[in-house]
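Subject: Model for you to look at

Hi,

Here is the structure I said I'd pass along.

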Amino acid sequence: MPVSDSVSRPDTDADGDRLPINELFASLQGEGKLAGVPSTFVRTSGCNLRCWFCDSYHTSWEPTHAWMGVEEVVAEVDALAPEHVVVTGGEPLVHDETATLLSELADEYHLTVETNGTLETDAPVDLASISPKLASSTPTPENAPTDTDPGVWTDKHESARIDLDSLASLVDHADDFQLKFVVTGRDDLPEIESLVDDIRGVTSREVRDSDVLLMPEGQTRDALARTRTDVADLAAEFGYRYTPRLHVDLWNDAPET
Ligand code: SF4
């Protein structure tokens, strides 16, 4: 997977809270309710899970980043002058400093946080883009990136990938939310239906079928071409929403998109 030039920027010696930043760039949101909206992306490095299909390999299996002060991140975001900011990863909520960043940005920007749903936050969030990881995401020796050892992560990932309390908290806390599932095939649907029912049982908020998004697995145009029609058909059949991966359609797997 390509590595962005921005990950090779030198660490800074800024005082105060710092974050490991993998990428910081302006593009179009590619996924979810805000697909197509111009946005600035702040991609933190580090994740508590290891999906075999991770589309940000350099934040999880092989984390790469520079350390930046929160105020430096804010200054770079300001320079790009977006209306929408997407804080993503990796898993951005593994870093306490992400809450500081969100609080610093909240007055000026619409904030989307892209999270795997295993951690909570009290920080301001306009759209919680929650992507619970299904059993089909668990790494095995057969499907994991070839230059890494998935053995350590198979059990760790499987035991950590669903935290119902965190999912309920995220749904309840944000101004808006979406449950975005990476779908590898029809076999994922029973787990999605069961999990959506479980979330409905623990949140005080209505979870509409239109808040549930099915997104095809695939990090390249060729891979997406093999999965998207089937996943769109499943969305239509089950009454959920389909989300494209516009950035893959437009720019394939180029960095900073
Ligand atoms: S949760 Fe997201 S960032 Fe973490 S390994 Fe899975 S796809 Fe990658």
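This is a predicted model: local features need pLDDT of at least 70, side-chain atom pairs count only at pLDDT 80 or more; totals for chains, interfaces and linings use all residues.

The site itself comes from UniProt, where an unreviewed entry puts a "binding site" at Leu28, Gln29, Gly30, Arg43 and Thr88. Those positions span 61 residues in sequence, but no two of their C-alpha atoms are more than 14.2 Å apart, so they gather at one spot. Leu28, Gln29, Gly30, Arg43 and Thr88 also belong to the lining of the largest cavity.

I looked at two of these residues in more detail.

Gln29 sits in the loop that links β1 (18-28) to β2 (38-44). Is Gln29 buried or exposed? Its relative accessibility is 6%, and with the cut-off for buried at under 20%, Gln29 counts as buried. Beyond its neighbours within four places in sequence, Gln29 is in contact with Leu34, Ala35, Gly36, Val37, Ser39, Phe41, Val86, Glu114 and Leu246. There's also a polar atom of the Gln29 side chain 3.2 Å from the backbone nitrogen of Glu31.

Arg43 is in strand β2. Arg43 comes out at 15% relative accessibility, so this one counts as buried too. Setting aside residues up to four places away in sequence, Arg43 touches Pro20, Ile21, Asn22, Glu23, Phe25, Ser56, Thr59, Thr88 and Gly89.

Cheers

Note on methods:
Residues are numbered from 1 along each chain as its sequence is written. Side-chain values use heavy atoms; hydrogens and water are left out. UniProt positions are given in the numbering used here, feature names are shortened, and annotations may be inferred rather than shown by experiment. On a 1 Å grid over the protein atoms alone, a cavity is a set of points where a 1.4 Å probe fits but cannot get out, and a pocket is an open set with protein on both sides within 12 Å along at least five of seven lines; lining residues have an atom within 4 Å of a point. Helices (H or I, at least four residues) and strands (E, at least two) are DSSP runs, numbered from the N terminus. Buried means under 20% relative accessible area, exposed over 50%, partly exposed in between (1.4 Å probe, protein chains only). Contact means heavy atoms within 4.5 Å. A polar contact is a pair of N or O atoms within 3.5 Å; within protein, one must be able to donate a hydrogen and the other to accept it, and residues adjacent in sequence count only if both atoms are side-chain atoms.
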